[in-house]
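User: I would like to learn how to read some local features in a structural model. Please take them one at a time, with the general idea and then the case at hand.

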Amino acid sequence: MALEAAASAPGASIEQLNRLIARRMDDYNTAPQSELGGLSPAQMGRLLYGDWSGGGGLTLNRELTLDDLASANLLHDARTILGLLRDAGVLAVTQAGNLSRAVVKELVPRLRVSRSPFIAEQLELGKVVNEQDVLWLNVLRHVLTMAGLMMRRKGFRITARGRELVAEDRAGELYAKLFETFFRKFNLQVLDRSDRHAGLQGTIAFSFYRLRTCARDWSTPEKLAAEAWLASAMDPLAEYEIKYGDWRHWSFRNRVLGPLVHFGLLEERELPAKEKWERSVEMRKTPLFDRILRFDVGAGAG
């Protein structure tokens with residue numbers, strides 16, 4: 001940019017060139033860019049680097065009630081775990097640092113996200129079920145620990161902060177804490193067991209921003225990934241994808257769309273098909289999406 005400025009203004013002084021460069025930088029930073037989904041670099045920076053608590057491009061609403069958040073299954077499950085910790089005082093831990101099998105057996109029937117037919121059948125048959133066999137129980141235990149709401153000390157215990165936020169009148173704060181910890185601190189690559197697309201998590205606020213419009217109507221995960229995933233945060237096609245087809249949208253579905261369903265911000269429906277393996281789904285945002293996620297990227301945004 002400096003060379004272009006010098007070429008366009010031969011004979012200009014250093015001061016004049018500096019002013020010209022500053023003007024061009026300002027023009028660039030405030031101009032919408034197609035590769036940024038129509039946002040300017042300045043708007044994108046405001047969106048990506050805020051703290052989600054106010055004053056940035058994305059703010060989480062912490063004022064909703066437990067009734068408002070009734071559809072947020074992950075909140076329900078987090079409150080169930082914290083409630084058990086509060087009432088029991090301490091929960092047994094395995095040598096590997098997980099919840100004991102007895103605790104898992106007690107918890108799973110009370111959970112929503114982790115209450116799969118397969119796990120329920122295993123428990124009914126008296127089979128051994130470990131914490132790591134129940135993906136979202138394992139995820140939530142890590143998230144609650146990262147959030148400072150539970151801790152491991154001669155077993156698992158609730159913290160003072162966890163005891164505060166499990167109260168019914170603090171549901172909005174607990175939800176926001178879980179949401180922020182999950183999407184910003186927990187390693188989302190765990191959800192699809194892949195180390196690809198490392199840039200997705202750091203640009204996830206952009207994905208939320210795009211979903212507010214492109215998920216208004218029922219859409220497939222493939223379409224939502226194409227519209228709400230920042231292209232520069234997506235790895236190139238792998239060799240097998242070049243040969244067999246682009247399956248990168250699965251990472252977006254597992255790390256972004258699926259969790260948003262569990263947080264109550266998206267809903268999904270299964271489309272009819274003759275064979276079970278042919279079934280696909282569509283998703284759209286729920287009214288809770290716009291109540292929780294508030295965007296302010298500045299003037300000029302679409």
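User: Are Phe179 and Phe183 buried or exposed?

Analyst: The model is predicted, and burial is read from relative accessible area, where under 20% counts as buried. Phe179 and Phe183 are both buried.

User: How many residues apart are Phe179 and Phe183 in helix H9?

Analyst: They are four residues apart, which means a separation of about one helical turn in helix H9.

User: What kind of aromatic pair do Phe182 and Phe183 form?

Analyst: Planes over 60 degrees apart count as edge-to-face. Phe182 and Phe183 form such an edge-to-face pair, with 90° between the planes and 4.8 Å from centre to centre. Phe182 is buried, as is Phe183.

User: Which residues form the aromatic cluster?

Analyst: One cluster is formed by Trp52, Trp136, Tyr175, Phe179, Phe182, Phe183, Phe186, Phe208 and Phe263.

User: Where is Trp52, and what is its phi?

Analyst: The general idea first: most residues other than glycine have a negative phi. Trp52 has a positive phi, near 70°. Its place is the loop between helix H3 (41-48) and strand S1 (58-60). With 2% relative accessibility, Trp52 counts as buried.

User: What is the phi of Arg193, and does Arg193 count as buried or exposed?

Analyst: Phi of Arg193 is also a positive value, near 50°. This arginine is in the loop between helix H9 (171-184) and helix H10 (199-202). The cut-off for exposed is over 50%; Arg193 has 70% relative accessibility and therefore counts as exposed.

User: Which residues does His249 touch, leaving out those up to four places away in sequence?

Analyst: With those sequence neighbours left out, His249 touches Pro221, Glu222, Ala225 and Trp229. His249 lies in helix H14, which covers residues 249-262. Its relative accessibility is 13%, so His249 counts as buried.

User: Where does the charged end of Arg212 sit?

Analyst: For a charge over a ring, check the distance from the ring centre, which has to be within 6 Å for CZ of Arg. The charged end of Arg212 sits over the ring of Tyr209, at 4.0 Å from the ring centre.

Conventions:
Residues numbered from 1 in each chain as written. Predicted model: local features only at pLDDT ≥ 70, side-chain atom pairs only at ≥ 80, totals over all residues. Heavy atoms only, no water. Helix = DSSP H or I, 4+ residues; strand = E, 2+ residues; numbered from the N terminus. Buried < 20%, exposed > 50% of the residue type's maximum accessible area, 1.4 Å probe, protein only. Contact = heavy atoms within 4.5 Å. Phe/Tyr/Trp six-rings, centres within 6.5 Å; stacked < 30°, edge-to-face > 60°. Lys NZ or Arg CZ within 6 Å of the ring centre and 35° of its normal.
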